[in-house]
Amino acid sequence: MTEQISDVLIVDGVRHAAITRPPLPHGTPLLKPTPDYDVTAECTGCWRGYVATWEIEGGCLYLKSIDGPVADLAPVCRLTSAERVPAKWFSGALRAKPWPPSQQDKDEELHLKIFEGRVIARRAVEPTDQA
């Protein structure tokens, strides 16, 4: 199976690759389907049809943008706002790793607990050696 393209999570201005990702707020006025989305042109590296950029700032999680999986493909949906959207619909755990990874690939994972869009816990977790 093809490895899937990660969503982007920006934390304290640092770009991370999301290991887990929040769901989009489907069924709300925050999203609209993209009429030029071509299901036959899907990228096998991104079956969900989009790459979201999320940001944590001031202890809150925001959905910043939704883009196509590659430059020439439209995403499956778009935000209806030009502004970032507070992700109040999301409660759960997020995991991310720095992107791009370091040369040693021994980067700490960032673990976050989110409740209704607010960060309630945060910790850095050392990678385990599985030699």
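**Figure 1. The largest pocket of the predicted model.** The largest pocket has a volume of about 350 Å³. A pocket is found on a 1 Å grid over the protein atoms alone, as an open set of points where a 1.4 Å probe fits, with protein on both sides within 12 Å along at least five of seven lines. The volume is the space filled by probe spheres set on the points, and grid points are joined across faces, edges and corners. The lining consists of 16 residues, and Gln4, Ile5, Ser6, Ala17 and Ala18 lie nearest the centre; a lining residue has an atom within 4 Å of a point. Strand E2 gives the most to this lining, with four residues. Sorted by class, the lining holds seven nonpolar, three polar and six charged residues. Here Ala, Val, Leu, Ile, Met, Phe, Trp, Tyr, Cys and Pro count as nonpolar, Asp, Glu, Lys and Arg as charged, and the others, Gly among them, as polar. The model is predicted: local features need pLDDT of at least 70, side-chain atom pairs count only at pLDDT 80 or more, and totals for chains, interfaces and linings use all residues. Residues are numbered from 1 along each chain as its sequence is written, and side-chain values use heavy atoms, with hydrogens and water left out.

**Figure 2. The protein as a whole.** The secondary structure comes to zero helices and ten strands, in the order β-β-β-β-β-β-β-β-β-β along the sequence. Helices (H or I, at least four residues) and strands (E, at least two) are DSSP runs, numbered from the N terminus. Of the 131 residues, 35% are buried; buried means under 20% relative accessible area, exposed over 50%, and partly exposed in between, with a 1.4 Å probe and protein chains only. Among contacts with a separation of 6 or more, 61% are between residues 24 or more positions apart, where contact means heavy atoms within 4.5 Å.

Figure 3. Strand E2 (residues 14-18) and strand E8 (residues 92-98) run antiparallel and are joined by three bridges. Two strands pair if DSSP finds at least two bridges between them. Alanine 17 has lysine 97 in E8 as its bridge partner. Alanine 17 also belongs to the residues nearest the centre of the largest pocket. E8 is joined to strand E9 (residues 109-115) by five bridges, again antiparallel.

Figure 4. Strands E4 and E5 (residues 60-67) pair in the antiparallel sense over seven bridges, and valine 51 stands opposite aspartate 67 in E5. The hairpin of E4 and E5 has two residues between the strands, and glycine 58 in this hairpin takes a positive phi near 60°. Two bridges join E5 to strand E7 (residues 85-86), and these strands are antiparallel. Tyrosine 62 has proline 86 in E7 as its bridge partner.

**Figure 5. Isoleucine 56 in strand E4.** Isoleucine 56 lies in E4, which spans residues 51-57. With a relative accessibility of 8%, isoleucine 56 counts as buried. Not counting residues up to four places away in sequence, isoleucine 56 touches Leu9, Ile10, Val11, Asp12, Leu61, Leu112 and Val119.

**Figure 6. Arginine 122 and aspartate 12.** Arginine 122 lies in strand E10 and is partly exposed, with a relative accessible area of 47%. The side chains of arginine 122 and aspartate 12 make a polar contact of 2.7 Å. A polar contact is a pair of N or O atoms within 3.5 Å; within protein, one must be able to donate a hydrogen and the other to accept it, and residues adjacent in sequence count only if both atoms are side-chain atoms. Aspartate 12 lies in the loop between strand E1 (8-11) and E2 and is exposed, with a relative accessible area of 55%. Although not a glycine, aspartate 12 has a positive phi of about 55°.

**Figure 7. Histidine 111 in strand E9.** Histidine 111 is placed in E9 and, at 18% relative accessibility, counts as buried. The side chains of histidine 111 and glutamate 109 are joined by a polar contact of 2.8 Å. Beyond neighbours within four places in sequence, histidine 111 is in contact with Leu94, Arg95, Ala121, Arg122, Arg123 and Val125.
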